[in-house]
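Thank you all for making time for this. I would like to walk through one model with you, going from the overall picture down to a few individual residues.

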Amino acid sequence: HNIQCYPLFLKVFNQGIISGKLNYYKVFTFLKDYSWYGQKTRRSITADETDENESWLSLLAPGLHNLFAQHELSVLLNTNKVNNFILAIDSLTLKFEGAIRDFIRLCGGNTSKDQKGELKEQLLEELLENEMIIKYFSTKDIDLFKTTFTSRGRNIRNNVAHSFMDFSDYNLQVACLVFLCILRLGKYTLD
């Protein structure tokens, strides 16, 4: 990813911002219209009326907005100033796991496991091995998700959840990788 994908991704990202073809609102609209993130789904029986207009995009929006705000500022001002991607990375990383969990449930799968007579939620590593994920997702995307979020690679999910990341770890490269995973997860459709 660092050698082949990141430079191309960053070039497209930067040129899109400079040309005005890529910004938060365009990405939001694209995800609303062309991904399952924009679909209204009932997540619980006890949801109140404010949740009836909710979609996964409602939950992803703050992290996406912060990612674009931080990066656009850097690109447009053409500074070497260190931007703060903490909110974007923390938010989008945790939302990624929640979206995977919901995707499995919405496709009729189960995200619980029986552990010594107790029902527990599967860990992210187990979710990425879930039969629904294997059925619907490409091997390349599953590998990308594992390499990004689990101990098999960068372990971003664990590092974010347990506050193991230093300030310097919250950089554009990590933010772009998490954003790429959000985009790849959004391409699948619910059955």
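This is a predicted model: local features need pLDDT of at least 70, side-chain atom pairs count only at pLDDT 80 or more; totals for chains, interfaces and linings use all residues.

Residues are numbered from 1 along each chain as its sequence is written, and side-chain values use heavy atoms, with hydrogens and water left out.

Let me turn to the overall architecture. The protein has nine helices and two strands, and from the N terminus on, its elements run α-α-α-α-β-β-α-α-α-α-α; here helices (H or I, at least four residues) and strands (E, at least two) are DSSP runs, numbered from the N terminus. The radius of gyration is 17 Å, close to the 16 Å that the globule rule gives for 191 residues, so the protein is as compact as a globular protein of that length. That radius is taken over C-alpha atoms, and the globule rule is 2.2 Å times the number of residues to the power 0.38. Along its principal axes, the C-alpha trace spans about 55 × 35 × 30 Å.

Of the 191 residues, 45% count as buried, where buried means under 20% relative accessible area, exposed over 50%, and partly exposed in between, with a 1.4 Å probe and protein chains only. Among the contacts with a separation of 6 or more, 63% are accounted for by residues 24 or more positions apart, contact meaning heavy atoms within 4.5 Å. As for charge, the mean positions of the 22 positive and 22 negative charges are 7 Å apart. In that count Lys and Arg are positive and Asp and Glu negative, with His and the chain ends not counted, and each charge is placed at NZ of Lys, CZ of Arg, CG of Asp or CD of Glu.

Next, helix 7. Which of its residues are buried? In helix 7, residues 139–149, they are Asp141, Ile142, Leu144, Phe145, Lys146, Thr148 and Phe149. The cover over these buried residues includes helix 4 (86–106), helix 5 (124–127), helix 6 (131–136), helix 8 (156–161) and helix 9 (172–186).

Trp36 sits in the loop between helix 2 (24–34) and helix 3, and at 2% relative accessibility it counts as buried. Not counting residues up to four places away in sequence, Trp36 touches Trp56, Ala99, Phe103, Leu106, Leu185, Gly186, Tyr188 and Leu190. From Trp36 to Gly186 the C-alpha distance is 6.1 Å, although the two are 150 residues apart in sequence.

Phe85, in turn, lies in the loop between helix 3 (56–77) and helix 4, and is buried with a relative accessible area of 4%. Leaving aside neighbours within four places in sequence, Phe85 is in contact with Leu67, Gln70, His71, Tyr170, Asn171, Leu172 and Ala175.

Now for the backbone. Most residues other than glycine have a negative phi. Asn155, in the loop between helix 7 and helix 8, has a positive phi, near 60°, and Ser163, in the loop between helix 8 and helix 9, has a positive phi near 55°. Is each of them buried or exposed? Asn155 counts as buried at 16% relative accessibility, whereas Ser163 is exposed, with a relative accessible area of 61%.

Finally, the cysteines. How many disulfides does the structure hold? It holds zero, a disulfide being a pair of cysteine sulfur atoms within 2.5 Å. For Cys5, the nearest cysteine sulfur is that of Cys176, 9.4 Å away. Cys5 counts as partly exposed at 30% relative accessibility, while Cys176 is buried, with a relative accessible area of 1%.
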